[in-house]
Amino acid sequence: MIANWKMNKTRDEALNFIYAVNEALPSCEKVDTVVCAPAIVLRDLVKRQGDNLRVGAQNMHYEESGAFTGEISPIMLQTTGVEYVILGHSERRQYFNDTDETINKKVISALKHNLKPILCIGESLEQRESGVTHDVLKQQLEADLAGVSPEDMENVVIAYEPIWAIGTGKTAKACDANEACAYVRSVVKNLYNAAVAEETRVLYGGSMKPSNVDELVAQSDIDGGLVGGASLDPESFLKLVNACVK
Ligand code: PEP
């Protein structure tokens, strides 16, 4: 279960969240719990993360260093001690010009620096309504995972996030979300093999919350969630994490 705080929480708020959840989180043997926070608080969170919590960033540049004002490199993240990095979130694709080409470079670079990419893919409402959801998912997976080896796939998490469901309160129907995640898995199988497809964690993201998490994570092809809004409150986030233990 992965929290995506987006551009939310001051340092004090971030620390209060960690203090509130650390002791209450279930064992990481039962569920992998990750908080992806703004870069400025990552080091603070890593220092205070309990045994059952992992920390992730929300984006990175693919270069190790250079004239890229305002950007953060994989080496910087690595030395901060984070384990995960969200790549290709639809908000980055929409507002910050992330393309499949740059996302692919980021995925490759993250893996090279021992960071686990949480690769986000998903269709727009227009694409869903015109019946091209599968084409969009396939094209994104092929482009974003180009050059990623089967061995490296062990460290890649895929988040299926229909854009129309992110931050809108509109959740995909559990059966539709499951169908899309199963399709994602079938594309991974074609790109790699059945074992890789079986082992790859495919998450659903898009207005997941305590009231719908049980039905979503009970689906055969949904391995967990990437959650924005409902991950900001410690109590709500703990409910989401605990739903994965059941
Ligand atoms: C997200 O940011 O990845 C997300 C799914 O947001 P929300 O849960 O708020 O829809």
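The structure is a predicted model, in which local features need pLDDT of at least 70, side-chain atom pairs count only at pLDDT 80 or more, and totals for chains, interfaces and linings use all residues. Residues are numbered from 1 along each chain as its sequence is written, and side-chain values use heavy atoms, leaving out hydrogens and water.

**Around the ligand**
- There are 14 residues around the ligand, and Lys 6, Glu 161, Gly 167, Ser 207 and Gly 228 come nearest (a residue is near if one of its heavy atoms lies within 4 Å).
- By class, this shell has four nonpolar, eight polar and two charged residues (Ala, Val, Leu, Ile, Met, Phe, Trp, Tyr, Cys and Pro count as nonpolar, Asp, Glu, Lys and Arg as charged, and the others, Gly among them, as polar).

**Atoms beside ligand oxygens**
- Asn 4 has a polar side-chain atom 3.0 Å from an oxygen atom of the ligand, and His 89 has one 2.9 Å from an oxygen atom of the ligand.
- At Gly 167, a polar backbone atom is 2.7 Å from a ligand oxygen atom.
- The protein covers 96% of the 290 Å² of accessible area that the ligand has on its own (from the Shrake-Rupley method with a 1.4 Å probe).

**Helix pairs**
- The axes (lines fitted to C-alpha atoms over the stretch in contact) of helix α7 (residues 133-144) and helix α8 (residues 174-191) come within 10 Å and cross at roughly 40°.
- The axes of helix α1 (residues 11-22) and helix α11 (residues 234-245) come within 10 Å and cross at roughly 45°.

Technical notes: Polar contact = N/O pair within 3.5 Å; in protein donor to acceptor, adjacent residues only side chain to side chain. Axes fitted to C-alpha atoms, helices over the stretch in contact; angles between N-to-C directions. Helix = DSSP H or I, 4+ residues; strand = E, 2+ residues; numbered from the N terminus.
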